Amino acid sequence: MGILNLSKLLADVAPQAIKETELKNYFGRKVAIDASMCLYQFLIAVRTEGAQLATADGETTSHLLGTFYRTIRLVENGLKPVYIFDGKPPVLKSGELTKRQGKREEAQKALEKATEAGDAAEMDKFNRRLVKVTKQHAQEAKKLLSLMGIPYIDAPCEAEAQCAAMVIYIRVKAGKVFATATEDMDALTFGSNVLLRRLTFSEARKMPVQEIHLDKVLDGLQLTQKEFIDLCILMGCDYTDSIRGIGPKRAIELVQKHKSIEGILQALDKDKYTAPENWEYEAARELFLNPEIADPESFELKWGEPDEEAMVEFLCKEKQFSEDRVRNGCKKLLKAKSGQVQGRLDGFFQVLSTTPAKRKVDEKKNTPNKRGKAGGGGGKGRGRPK
């Protein structure tokens, strides 16, 4: 879920924090991608006749097809993706996971009714609600990424927290990645400096990539990071309940005035608003401030060349993909990889040519410049930001 209604709130209150751009504008950028979110998207979107793609034996392959083609597209646009996979869920998330299980059970019952009634539209709707990323989906995606030469990281806990840590690292040291790519807004709550939404499906849906900057979010909301975390808890997060009846706008007003949930609780009209019993907001705040992550410095991210024959063995012989398409995909990866190297070299230096007017003066005078050469224009190199 992330943070309930946060994207709409930012669009209304801090629009300067959000900009829309094209995928190609991230050429040369390293981006940490929330892998579980991607796999879920692929399982939902990559379908035929209302069902997920599968082998003749019924093994789902939508997640592999999506990972294969979308990763190629990212690399073709000059990006260097690194996928971050979820580890164990935090204990605080157990309540949210229980709610989700309950909703899946309700969806299953609704699906059975729709099937009995022969309602294809309802069947498709509830089938989508039953989609779940399994350990097998994740393991197969990791295998494919390795064969494609794309790095991935197993987070000890939440992927968004690890993504944020990788992004924060670039601000402190000679960094790892530029941004976090996910649809979950809590990447900002975990402290990611830059959040990219729609990155993995922007072109497929003909939508621009949405880039959100945390510093501008805080400036627009007039909050510190700790106050922003309390705002997100009030709005509704994955780790604890919120105060019923307090909407986003009211939540901002309260945090701006009282600076913390503790201050809000002291001033709260108890007759109008009731805080949840045994409210674990302090534990949720601590989880956002100090999540369980692996040290970003311990990772050495390497983007290698695809292993074409191993990919054919895995995707074609095991998963029944088209061999021609898989080999063509490998060629695209190799071409994109060589293009990235050439592109970065071309973009590293900017040649400043002598203007026509300057050349005429030099030719007329025919006098040497300060370096002892007639005419000529100097060039300055400007490095492309990493």
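Predicted model: local features only at pLDDT ≥ 70, side-chain atom pairs only at ≥ 80, totals over all residues.
1. Let's start with the whole chain. The protein has 386 residues, and 46% of them count as buried. Its secondary structure comprises 16 helices and eleven strands.

2. A word on contacts and surface. Taking contacts with a separation of 6 or more, 72% are between residues 24 or more positions apart.

3. Now to the helix pairs. Two packed helices are described by the angle between their axes and the distance between the axes. For helix 2 (residues 35-45) and helix 3 (residues 62-76), the angle is about 115 degrees and the axes are 8 Å apart. Angles of 65 to 115 count as roughly perpendicular, and helix 2 and helix 3 are therefore described that way. Their crossing is right-handed.

4. Which residues of helix 2 and helix 3 make the contact? Helix 2 brings L39, F42 and L43, while helix 3 brings S62, H63, G66, T67 and R70. Sorted by class, this contact of helix 2 with helix 3 holds three nonpolar residues, four polar ones and one charged.

5. Helix 9 (residues 214-221) packs with helix 10 (residues 225-235) at an angle of about 80 degrees, and here the axes are 10 Å apart. Helix 9 and helix 10 are therefore roughly perpendicular to each other as well.

6. On the helix 9 side, the contact involves L214, V217, L218 and L221, which meet Q225, F228 and L231 of helix 10. By class, the contact of helix 9 with helix 10 has six nonpolar residues, one polar and no charged.

7. Two backbone angles deserve a glance when you go through the torsions. Most residues other than glycine have a negative phi. N5, however, has a positive phi, near 65 degrees, and is not a glycine. N5 sits in the segment before helix 1 (6-13).

8. The other case is R198, also not a glycine, with a positive phi of about 70 degrees. R198 belongs to the loop between strand 8 (194-197) and strand 9 (209-213).

9. Are N5 and R198 buried or partly exposed? N5 has a relative accessible area of 43% and is partly exposed. For R198 the value is 16%, and because buried means under 20%, R198 is buried.

Definitions and conventions. Residues numbered from 1 in each chain as written. Heavy atoms only, no water. Axes fitted to C-alpha atoms, helices over the stretch in contact; angles between N-to-C directions. Helix = DSSP H or I, 4+ residues; strand = E, 2+ residues; numbered from the N terminus. Parallel < 35°, antiparallel > 145°, perpendicular 65-115°, else oblique. Left-handed = near helix turned anticlockwise from the far one by under 90°. Contact = heavy atoms within 4.5 Å. Nonpolar A, V, L, I, M, F, W, Y, C, P; charged D, E, K, R; others polar. Buried < 20%, exposed > 50% of the residue type's maximum accessible area, 1.4 Å probe, protein only.
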